[in-house]
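This report describes a single protein chain, with attention to one helix and to several individual residues. Please consult the sequence and the structure shown here while reading.

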Amino acid sequence: MAACTGSRDGQDSILEPLCFPEQPTDTPSAPGAELALLCPFCPESVPLQHKDVLLKHLLLEHKLVIADVKLIADLPKYMLYWKGRFLEQPLTDFCSVIKTNSTGPVEKQEDYFLLCDVLPEDRDLREKLQQKRLEEVLEQQQQERDDGSFHRLCMFCSEEFTGNRASLLNHMAREHSFGIGLPDNIVYCDQFLDTLQSKLDNLQCLYCEKTFRDRTTLKDHMRKKAHRRINANNSTYDRFYVINYLELGKTWEEVQSEDDRELLDDEDDDWSDWQAHPVSVVCLFCDHQSDTMDQIYTHMKGAHGFDLHYLRMELNLRFYQQVKLVNFIRRQIHQSRCYGCQQTFPSRDDVIRHIVSEGHVMKLPDASTWNQPQYYFPTYENDALLCTLSDSDDGESGERHSGEDVPVIAEDISDLRALKQSSVLKQLLKNRGSCS
């Protein structure tokens, strides 16, 4: 309650408004916070960091084994939940019974109880705790990302950083080659940096974790051995990376290995339910769209008199020449210019009417106009017509095509002497000798 004092004459004197204590709220608890683990059967309790002591107590005193303890997101709440349930119902209603020395004398047999996520209630509890922890971690991460009051010194050069944590992390990665990951992948950043700073203050290498006699020797060691990184096998750091909170029952290494296996295991891929998005090909001259190559070719030939198949055969157009021709025509029409006579018009509709009325649909300029490298690039980046072009030569691949011949110089042994005499390299060497 707010301050309240008693007067000397026995009358109460209230100096400020009274208020009831606020109920404690569930705030995101940082990993490693001091929480007590309660035994579900007796008053025994231990700090969270000594959970192995309680697990040993459960095994020896109460014959209870809890499966996959390390994968329980919030062990104190897990224990507290089952403490209440074990008061309501017998232990055998929840646990599998394991009988030891089952073939021996009855007096030497013992019953142990296994509590695991095979029980639906236990599985649901673990999932809820995992979801709750994930929500807390993501909320904490967002607060850190938005926090503008960050203030800290670089642990390597003592340069001061204020504002956002990303400035310090990026500085250490850029200037000191010390990277602990992208800022957006890290949570509880202050505790993470405190942990690292503590190791350095104790003259301990962050990677191999050896201890040195002084700070200078430590710095030389980390620089020469390229140990300016953390030890990925040290599970102490796991709680500072969001990925370790994402999936119930799996560590980040298991999630990553599963992703790698999925990339390598092509034989088990099932594409039977895969459905491709229909291709929508747009006409060169109007807004008409078709789903197949044959349909759009038929439309352009019937509606506009443009026969791309005929041009391909007549001009011996290979695939990339067709690409350049299509991109050339697209660009000219987009700029309201007739591709046949290069006349420019006020609008796209005007140039289309001109092309049809003047019979310029199948009239192409000289190949040097459109067969240019600039037309390798699509006029419309989502032009599906380019994907329907034929890349085969229909049995004519053996014929020579004008303008596409690539000169090949054969090795003629009989003319090898003449080749050496006329070598450009030899001429360059002569010129160099004369200059010197």
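Which exposed residues are carried by the face of helix 6 turned away from its buried side? They are T216, R223 and K224, where exposed denotes over 50% relative accessible area, buried under 20%, and partly exposed in between (1.4 Å probe, protein chains only).

## Basis of the model

This is a predicted model, in which local features need pLDDT of at least 70 and side-chain atom pairs count only at pLDDT 80 or more, while totals for chains, interfaces and linings use all residues. Residues are numbered from 1 along each chain as its sequence is written, and side-chain values use heavy atoms, with hydrogens and water left out.

The pLDDT (the predictor's confidence in each residue, from 0 to 100) averages 78 over the chain, and 74% of the residues score at least 70. In residues 1-33 the pLDDT is below 50, and this stretch has 27 contacts in the model beyond near neighbours in sequence; a contact means heavy atoms within 4.5 Å. Residues 393-414 also have a pLDDT below 50, with 13 contacts beyond near neighbours in sequence. Where pLDDT is low, the predicted coordinates should not be read in detail.

## Overall composition

The chain contains 14 helices and eleven strands. Helices (H or I, at least four residues) and strands (E, at least two) are DSSP runs, numbered from the N terminus. Of the 436 residues, 32% count as buried. Among contacts between residues at least 6 apart in sequence, 49% join residues at least 24 apart.

## Helix 6 and its packing

Helix 6 spans residues 215-224, and L218, H221 and M222 are buried within it. Viewed down the helix axis, the buried residues fall within an arc of 95°, so they line one face of helix 6; the arc is that of the directions from the helix axis to the C-beta atoms. An α-helix has 3.6 residues a turn, so residues three or four places apart point the same way. Just after helix 6, A226 adopts a positive phi of about 55°.

The buried residues of helix 6 pack against helix 5 (189-201). Helix 5 contributes Q197, L200 and D201 to the contact, and helix 6 contributes R215, L218 and M222. By class, this contact has three nonpolar, one polar and two charged residues. Here Ala, Val, Leu, Ile, Met, Phe, Trp, Tyr, Cys and Pro count as nonpolar, Asp, Glu, Lys and Arg as charged, and the others, Gly among them, as polar.

## Buried charged residues

R330 is situated in helix 10 (residues 319-334) and is buried, with a relative accessible area of 6%. A polar atom of the R330 side chain lies 2.7 Å from the backbone oxygen of V282. Apart from neighbours within four places in sequence, R330 is in contact with V282, C283, L284, T379, Y380, D383 and L385.

D74 is placed in the loop between strand 5 (64-66) and helix 2 (75-88). D74 counts as buried at 11% relative accessibility, and touches L129 and R133 when residues up to four places away in sequence are not counted.

## Loop residues

H288 occupies the loop between strand 10 (281-282) and strand 11 (289-290) and is partly exposed, with a relative accessible area of 32%. The side chain of H288 makes a polar contact of 3.0 Å with the side chain of S290. A polar contact is a pair of N or O atoms within 3.5 Å; within protein, one must be able to donate a hydrogen and the other to accept it, and residues adjacent in sequence count only if both atoms are side-chain atoms. H288 and H299 are eleven residues apart in sequence and 8.3 Å apart in space, C-alpha to C-alpha.

Most residues other than glycine have a negative phi. S158, which is not a glycine, has a positive phi of about 65°; S158 lies in the loop between strand 8 (150-153) and strand 9 (160-163) and counts as exposed at 52% relative accessibility. N316 likewise has a positive phi, near 55°, and lies in the loop between helix 9 (308-314) and helix 10.
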